[in-house]
Each structure stands twice: as structure tokens, then as C-alpha cells.
Amino acid sequence: MELETKVYQKENNLRLGKLLKESLADIGRSRFLSFQLAKRDIQAQYRQSYLGIIWAFVTPLATAFIWIFLNNSGTVRITDTGIPYPVYAFSGTLLWSIITESINSPMASTNGAKSILSKINFPKEALVISGVYKLLFNSSIKVVLLLVFIFFYGVGFHWSLLLFPIAILGGILFGTTLGLFITPLGMLYKDIGRLISFGLGFLMYVTPVVYAIPKSGIMKTVMELNPFTPIILTARDLAVGMPPVHLTYFLIVITCCVPLFFIALLFYRISIPILVERMSA
Amino acid sequence: MENLTDNRQQTTDNRQQTTDNRQQTTDNRQQTTDNRQPNMPNNEVLVQVQHLSKKFCKDLKTSLWYGVKDLASGLSGNQNERELRPQEFWAVKDISFELRRGECLGLIGHNGAGKSTLLKILNGLINPDAGKVTIKGRVGALIELGAGFNPILSGRENIYNNGAILGFTKKEIEEKVEEIIDFAEIREFIDMPVQNYSSGMKVRLGFAVAAQMEPDVLIIDEVLAVGDLGFVLKCFKQIDTLLPNTAIVFVSHSMPMVSRICNQIILMEKGKAVFQGEDVGKAIDKYYTRFVDNDSNVVFDDGSIAYESVEILEAKAYEKNIPQIEWGNTFKLKFKFRKNTLNEPPAFYISIFDKEQRPVAILEPNIEELDSKNDSNLIEFIVEHKNLQLSKGIYSLNIVVSKKTNNEPLLRMNGILSFQVLHQTDTWPPFLLKSSFQSI
């Protein structure tokens, strides 16, 4: 009977195919671990709070209300969006919150596991996957609330609504991929995390989150180039049953994200020992 | 023996199904694979470490910047020879050893000698800068107990969290959860949030989960120090049951434990192995000599009498200024004190402490008054103890001077002298008593 053999030396194994196979094998093997970590964090989060689940959507809800108020009071004049503005604003802020949460998720999971990372050898991919589980959990709560909005404001049911979860998955994939690329550097320097949240605050205004793309001007070009735009717009169009105008760009972004996600995963896998060395207590 | 190997075979077979090879395994052509018979697994080398080195950086900002560089070069393989960059030092330098099933390697050395870094490399947490580690079989690490515990959740829920991180499947944990609770002896509190546990209880629970591992290679850091005596003994009993079938790397500052379970030792200092071998006793002696300080300290002094000097007469030899005496020889000490304001006869209590600062013996105090013949202000005397039966090792002397009449202390000093007792055999108890056996 052969025992499995591990070799540790300075050279990294750089045959990508083999590395990727190992990475995927680790994801498969650590299914229970990823699930357990997500379950632990969700349980702990809600056990220590009375409002619990409400916190998952309070931020997008508050942002949406601000814009609904600004619009209704006439402070800000927003061009017609084709659907009731509250639905437009809330779907926008909600999708935006899902994407930003996805971007932050790998770094948050890795940071949260810092103490274990420097002491126990476990499949690191489980951290990423547990982050995805948590995102799915939080997103599903938000989607339920969005459905309430959609029916309350009389937009009603469209068959395309059934495709909406796929668009959300696309958003999570997009965000997690970005987040994974940022994580190694972000673990070394706190600046990265701050820059990201700072930058995302600006980015929201060049993305059709609370207002539509203008008909002309520089803003139109920037917004149409912005890769966040097709994700928000396609998801919203599917939810309210409008024809998804940016579907092609959406598909391009998602198709690019799939290989990029695996590259990011490898980058993450290679980085972890280097990070542990620099951060361990 | 036959039985034992059979059992082992079964457990390893079971393990095969659930094994998780979590690290980058390089292909087999790098190993010299030996096709030995499956029923004699006892002398295969499970851990092989060749010329292992690891460097660290002293400055945080520089370290982070090197981290960025390493990330970049890590992506391109980084095959280059690693040299020390500014601010860096070798935390582990050129360590090599082999460990077979049933063997236990003790890693000793003072704080910061590189022991934990070595363990981290063995456990695959960080990559070495030079050299190579080859490990066969499932690796279990007792470096931190209770990893993954969330303080808000109950003990029972945390068994699942900890178990998952240690690589158990859900089914395995479900089968073992009752056993774990019993082993930890905290059934009463198992549904209480872990944040209300005492540190000892957390360690108990953590160890109980970790004890369910059936590793081929076990790495133990100083985790068992917490917890009460009963539990520590229980842990060691558990380790003893693993010992015959496992290769263990054990880091500890507790020499009694090291001498109990280890059969080879690496004494590390500044990342290097300053001693390596199977002579556990010699290694431990070397370890202790590094802590011998020749500084005596005054614990209490009322000023009436002053200590001048002490020396061992007829010492066999000196090593690093420490006098050495053969076991069974006469122990002769010469003391010199100066009287300041003392106008009463003093009594001298000389006690002997071992290297762990445990008192092991005290010499009978003087019955008669001691005065120097020449100078009335000096007190000089020789104390003699025949047939010294202290076991091999290093000891130090403390002295208490008090008034003969009412035992009121005048002077108390610790560590006035260190000396070494020589004998060919290692003995853990502080005394090796001369004895003869007769068959009847």
C-alpha cells in the first residue's frame, strides 16, 4: 500500500494543468469544510443579533430610499427609466451590493482565517468557496425582498425572471474573480482594502445603479465601457422583463470571467504560503 | 507485534478512502520509491528533510515589500538560489534529518531558535528557501488546538468546525462526536457557548477532536502546556498509544517530557542544529548548559554579614568555568564571609537546586560556631559531603544565613555556584543511589 507523498521545496510546481487539477481536487475534497465554515459564520452572525437578517439588506435599502426621496422631491431629476423608479433604484443598489460584497468576500474570508492559516494546513480553496456560499445565502435573502418590490409596484411576473438567478451568479463570479486577484496584495497592505472600498464608492456613479445611462456625452461612453454596467443592467432587465440590451457584453464579461476565475484561484493558491510567512504570529 | 501491524494495516486502509492530499504533491520520479512488503511498514522513512533553510525579515515594511516581490517571482517559479537580502536572517539553516515510523524527534532550543519555523515548513504552511522535505502519509499537527472555534457557538457545534478544518468528513465527526465529548470530559457544558469556557476547557475540547486523527506523521508544538495535570497525563497517554505507529516531531521546553518520548534530538540555536543525535541525555545537558548563568543574586540582605566567595575544592575539571565532579566523590565547598555588624553566631543552610530550579537537597547546617582563626571579621569554612549521589547533570547552590538562636534570616542568595556531576548513565530522578543486588 502506497502512502501519499508530499514534497515541499522552494520551487513552485508551475505546470498549470497539474496545479489546477490539484486545486479543483482540493475544492472537491473540502466540500464539507467550506460548507461548515459558511454555516459557522452565518450562525454566529445571526445568533449575536436580534435584527439578524435585516442587516443583509439594510444598506442597499437605505441607499435606494435616499435616491427615491431625491427623485420624488425633485432635488435630482432622473431621466425616465421605463419602470417605476423605486424598483429601478432598489434593484440597482441591491445588485451593486451583491457585486461589492463578492469583491470583498475572498479577502474577508482569508483575513478571518488568518490565525488558522498560520497554524493548520487545510485546503485554502475552502475559504473562497465558503465565501461564495455566504454570498449565495445573503443574495437569496435580498432577491426575496426584490421580488416583493417588483410585485408591490405592479411590474408583475415575467418568464425572464427565472433567468434572474443566473445573472446574479454571473455577478458573484465577476466579483469573486476580481476579489481573488486583489486578495494577495490586500493581505500584505491594508491600503489595498481601503482603496477598493474608496474606489467602489466612485465607481457606483459611473454604473447605472440609481440612474440610467445618459443618451449622449462622455458619461455615456464611460458607463457603456464599464464592465459592471452589463451585469447590473442585464440582471435588472431580466428581473423586470425588459429586453436585455447589453446581453452581448454581459456574455463576453462572464465568458472572460470563467478562465480568469481559475487563474485567480491558482494565483491565490501559490500566494498563500508567501502570505502566511509574512503575516504569521 | 503481529497483531499490531495487522491493526495498523486496517486503519491505514480505512484512511486511504478519506485521505486528503492537500498539498502540491510532486510527481513520483523525485522519490526513490521502494516496493517493500506491505506487512512490514515499520522501518520506512516517513519524514525526510534535506538541507532545509528558511529566511525571515526583521523589519515589517521591508518584509511586506519582499512579500510583494516574492508574489511576483512566485508566479514565475522562482528557481534562483536564494541569498539573504538586506534585513534578512536565516531562521532555519541547513537542517537535515530522517524519521521512521515509531521514532520520535525532539526539537529543543531556546525561544526564537527556529523550532516553530521548522514545524511550519514540515506542516506545509510555508515554503522553504532551500532544501527539501519529503513526507509520506497523513500528517497531523498539534500546533494549535481548537482551530476554527467560534466563541459564540456551542461546544458541540465547534466540534464540527474544528473537525472540518482538521480534515474529517461529516460522517466521521458524527460517529465520533460522543467519544470526543467524553474524552474532553465536558459533557455538562457541551451546549454552552465556547466563549464561556475556561482556556483549559477549550484546550481539552480541541485536543479531544485532534486525538481522533490517525496520522502517520504527527507534529506537536507546545500545545499541551495548558490544561490541568490530569489532562496533560491523558494527552501523553494518547500520544503513547500513537507512538509505535507514528513518526513524531515534538517541540517542547519540558525536558522530562522530551526525554520520556524522544529517541533522537536536534538542539537548535539561531536556526542551526548545534547538536543532533540519538544521545538524548547529552543533548539535554547541552541545552541546560546554555541556560547556566553565573550571576548570583541576593534575595535578602540585612547588611550584617557579607558573602565573599565560594569554590569547589578538588574539582575534576572545568568546562566553561563550571566545575565538574565525579558521581560518588566527595563534595567539598570552601566558603568565605565577612562579618559587618553581626554579633551572634550564624547558621549556614546550603541547598542544591537542579537545572529546572527544583530544590533537590539541603546540606545539614553547621552545629558549631565558625570563625576564622586569623581575622576576626572573616568567617571561612569548608563543608564536606562524602559520596555525592546526585545524578548526572548541572546543579546550582543557594545559601541562607540566619541567626543560630532564633533562625532570623540575615542573608539569602540564589545561584552562588553552578557545578556539574559526571556519570556515564542518564538518570531522570535527581539522585542515583549506590546500591548492590544479591540473589537469594
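**Loops, a helix pair and a core**

Modeller: B:Asn407 sits in the loop between strand 18 (393-403) and strand 19 (409-422) of chain B, where strands (E, at least two residues) and helices (H or I, at least four) are DSSP runs numbered from the N terminus. This is a predicted model, in which local features need pLDDT of at least 70, side-chain atom pairs count only at pLDDT 80 or more, and totals for chains, interfaces and linings use all residues. Residues are numbered from 1 along each chain as its sequence is written, chains are lettered from A and ligands numbered from 1 in written order, and side-chain values use heavy atoms, without hydrogens or water.

Biologist: Why does B:Asn407 count as partly exposed?

Modeller: Its relative accessibility is 46%, and partly exposed lies between buried (under 20%) and exposed (over 50%), with a 1.4 Å probe and protein chains only. B:Asn407 also has a positive phi of about 65 degrees, although it is not a glycine.

Biologist: Which residues touch the most other members of the largest nonpolar core?

Modeller: Among its 172 residues, they are A:Phe164, B:Val47, B:Leu122, B:Ile159, B:Leu205 and B:Phe250, a core being buried Ala, Val, Leu, Ile, Met, Phe, Trp, Tyr and Cys residues joined through side-chain atoms within 4.5 Å. Helix 11 (residues 247-279) of chain A gives the most to this core, with 13 residues.
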